[in-house]
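Colleague: I would like to learn how to read a protein model feature by feature. Could you take me through one?

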Amino acid sequence: MKKYVLLLIVPLLFLFQSCGVYSLSGGSVGALKTVNVMYFENVAPLVINNLSQTFTQALQDRIRTQTRLSTVRGEADATLEGRITNYSIAPTVLPANTTNTAPIVNTNRLTITVTVKYTNSLDPKQSFEQSFPRYKDYQGDIGTQEQALIAAIVQQLTEDIFNRAFANW
C-alpha cells in the first residue's frame, strides 16, 4: 500500500515544483523598479470626454498587473508619456466571407491612434517614440456600442505598447 501512495505522491511533487519554474507574467523589465505613466492627453480632432482617463488608467493597470514595477509620479527608471492623436469614425466595406456573397456594407470603423514616448533611463537603447493605431469595425449606431468599442481598442493599444516597452517585440 505504501508503494502505491509513493507512486502517486512523487509525481505530484515534481509537478507542483515544476509549476514555479515557468512564468507567463508578462514583460521583462530587467533592472527597472519604477515607471511613471503620465496622463495621455486627447488632442484628436474628435474628443471623447473620458478617453484620456480610460486609456491612462488601462495602461497603468496593465503594467501594475503584469510586471513587478511600481508606478510612481515624478522621477522613475522608465517613463511612458504621449497623447491620443486620432479618434475617427469612417465608413468601410467588409469583404465577403465567401465568393458567392456580396461584401458587407453599412459598416463603420472606429480608429484610435496613440503616440507614445517611452524613456528608459537605465537602458536608453530601449527607449522609443512611436504611434500605435488600432481599430474596430462595427455595424449600426455608434452611440449604443461606443464604450464597448473603446474598451476593446484600448485593450489592444495597451497590449501593443506594453509589448513594445517591456517584451521587446
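Colleague: What should I know about the conventions before reading any value?

Modeller: This is a predicted model, in which local features need pLDDT of at least 70 and side-chain atom pairs count only at pLDDT 80 or more, while totals for chains, interfaces and linings use all residues. Residues are numbered from 1 along each chain as its sequence is written, and side-chain values use heavy atoms, with hydrogens and water left out.

Colleague: Which pattern does the protein follow along the sequence?

Modeller: Helices (H or I, at least four residues) and strands (E, at least two) are DSSP runs, numbered from the N terminus. Here there are three helices and six strands, and read along the sequence they follow the pattern α-β-β-α-β-β-β-β-α.

Colleague: How much of the protein is made up of buried residues?

Modeller: Buried means under 20% relative accessible area, exposed over 50%, and partly exposed in between, with a 1.4 Å probe and protein chains only. In this protein, buried residues make up 31% of the 169 residues. For contacts, the criterion is heavy atoms within 4.5 Å; among contacts between residues at least 6 apart in sequence, 68% join residues at least 24 apart.

Colleague: Which residues have the most contacts inside the largest nonpolar core?

Modeller: A nonpolar core is a set of buried Ala, Val, Leu, Ile, Met, Phe, Trp, Tyr and Cys residues joined through side-chain atoms within 4.5 Å. The largest one has 33 residues, and those with the most contacts inside it are Phe55, Ile63, Leu80, Ile112, Val114 and Phe166. Helix 3 gives the most to this core, with nine residues. As for Ile63, and not counting residues up to four places away in sequence, this residue touches Val35, Val37, Leu69, Thr71, Leu80, Phe162 and Phe166.

Colleague: How is a pair of aromatic rings described?

Modeller: A pair is described by the distance of the centres and the angle of the planes. Rings of Phe, Tyr and Trp (its six-membered ring) pair if their centres lie within 6.5 Å, and planes under 30 degrees apart count as stacked, over 60 as edge-to-face and the rest as tilted. A search of the whole structure finds five aromatic pairs. In one of them, phenylalanine 40 and phenylalanine 55 are edge-to-face, at 5.0 Å centre to centre and 75° between the planes. Phenylalanine 40 lies in the loop between strand 1 and strand 2 (41-42) and phenylalanine 55 in helix 2, so the pair ties together parts that are 15 residues apart in sequence. Both of these phenylalanines are buried.

Colleague: Is threonine 113 buried or exposed?

Modeller: Threonine 113, found in strand 5, counts as buried at 12% relative accessibility. Not counting residues up to four places away in sequence, threonine 113 touches Arg83, Ile84, Thr85, Asn86, Ser131, Phe132 and Pro133. Glycine 140, in the loop between strand 6 and helix 3, is partly exposed, with a relative accessible area of 49%.
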